[in-house]
Amino acid sequence: MPHIDNDVKLDFKDVLLRPKRSTLKSRSEVNLTRSFVFRNSKQNYSGVPIIAANMDTVGTFEMAKELCKFSLFTAIHKHYDLHQWKEFASKNPDCLEHVAASSGTGPSDLEQLARILEALPEVRYICLDVANGYSEDFVEFVKVVRKRFPQHTIMAGNVVTGEMVEELILSGADIIKVGIGPGSVCTTRQKTGVGYPQLSAVMECADAAHGLNGHIISDGGCSCPGDVAKAFGAGADFVMLGGMLAGHAESGGDLIKREGKQYKLFYGMSSDLAMRKYAGGVADYRASEGKTVEVPFKGPVEGTVRDLLGGIRSTCTYVGAAKLKELSRRTTFIRVTQQLNPVFGAEGRT
């Protein structure tokens, strides 16, 4: 029999953070660096825990080169070959501690991953990415990768519920990617009816992961710096961004010029375009679960990063968190029916 969970589940748009008394005098006093020791790899991490998504229009070597200047992380997409990896590593050795090599679950994916990690031992992070992390095959794949690379830190997902977070951590993953359907170019919810409001998913999954000394990534659903702050406030250890980092000079894809304006393509990795590009088309037994959009060209990503980090620092000053680590402990969410004053819509400049 079908079951209805009547507990209210919330998204970033449904809440605001309540301000609290603060002793901070300036945003400059806020420390956004986090340090972690991962459960299974025992590896140490230190940096600003924001990750560029492993999409070929976002998780590029060019993006990694810029983000590592701010100690941000990049999950490099899986479509670079070993020669390209070696070239990046030789020119940017200081960035290798802030990147992950991505892989799907196919045999060729695993062998490509192994070639990269064996040639470049400085790359210590693995991102295992599937749309549906609930598959038993995926759990077994995580176990295989953990056995083959016992000292690497494994990110794995995507899931949205506590019991699957626990299973993946116990199977060898260190950091679980949380999010099904919230991404700006994801159409999984329209095509399948499956999903989970992202704020509630993060809160549930963070609780499950932290109980096992694991960690989570909030993956998808952020449209502005305030959403990123809410994800951290909800308990996310890392926040992964796609659309917010699309459309920049460092983003993948050609620059499109039309009627005096410039754009870059941004698309989901389960979109028709991506599957035609990498798999020869959409298989007969499945549907495309992503869309393709033209994002107005935003120039260098540095400006977006500074705006993002400045917004999060400001969040911390409003709630009295001197460190990003303290933000979740200082967070009280209040439910709202409206976030912004809509009089001028998206007009004007910030």
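Glutamate 259 lies in the loop that joins strand S12 (255-258) to strand S13 (261-267), where helices (H or I, at least four residues) and strands (E, at least two) are DSSP runs numbered from the N terminus. Although glutamate 259 is not a glycine, its phi is positive, at about 55°. With a relative accessible area of 77%, glutamate 259 is exposed; by the convention used here, buried means under 20% relative accessible area, exposed over 50%, and partly exposed in between, for a 1.4 Å probe and protein chains only.

The model is a predicted one, in which local features need pLDDT of at least 70 and side-chain atom pairs count only at pLDDT 80 or more, while totals for chains, interfaces and linings use all residues. Residues are numbered from 1 along each chain as its sequence is written, and side-chain values use heavy atoms, with hydrogens and water left out.

Another residue that is not a glycine, asparagine 213, has a positive phi of about 65°. Asparagine 213 is placed in the loop between H7 and strand S10 (215-219), and at 56% relative accessibility it counts as exposed. Positive phi values are also found at glycines, and the table sets these residues side by side.

| Residue | Place | Phi |

Turning to helix packing, the axes of helix H3 (residues 107-119) and H4 come within 12 Å and cross at roughly 25°, the axes being lines fitted to C-alpha atoms, for helices over the stretch in contact, with angles running from 0 to 180 degrees between N-to-C directions. That makes H3 roughly parallel to H4, given that angles under 35 degrees count as roughly parallel, over 145 as roughly antiparallel, 65 to 115 as roughly perpendicular and the rest as oblique. The contact (heavy atoms within 4.5 Å) is made by Leu110, Glu111, Ala114 and Glu118 of H3 together with Phe141, Val144, Val145 and Arg148 of H4. By class, these residues divide into five nonpolar, no polar and three charged, where Ala, Val, Leu, Ile, Met, Phe, Trp, Tyr, Cys and Pro count as nonpolar, Asp, Glu, Lys and Arg as charged, and the others, Gly among them, as polar.

H4 also meets H5, with axes that come within 9 Å and cross at roughly 30°, and the two helices are therefore roughly parallel to each other. Here Phe138, Val139 and Val142 in H4 meet Met164, Glu167 and Leu168 in H5, a contact with five nonpolar, no polar and one charged residues.

Within helix H5 (residues 162-170), the buried residues are Gly162, Met164, Val165, Leu168 and Ile169. Seen down the axis of H5, these buried residues fall within an arc of 165°, so they line one face of the helix; the arc is that of the directions from the helix axis to the C-beta atoms. The cover over the buried residues of H5 includes helix H4 (136-148), strand S8 (153-159), strand S9 (175-178) and helix H7 (198-210).

Helix H8 (residues 225-233) is mostly covered, with eight of its nine residues buried, among them Pro225, Asp227, Lys230 and Phe232.
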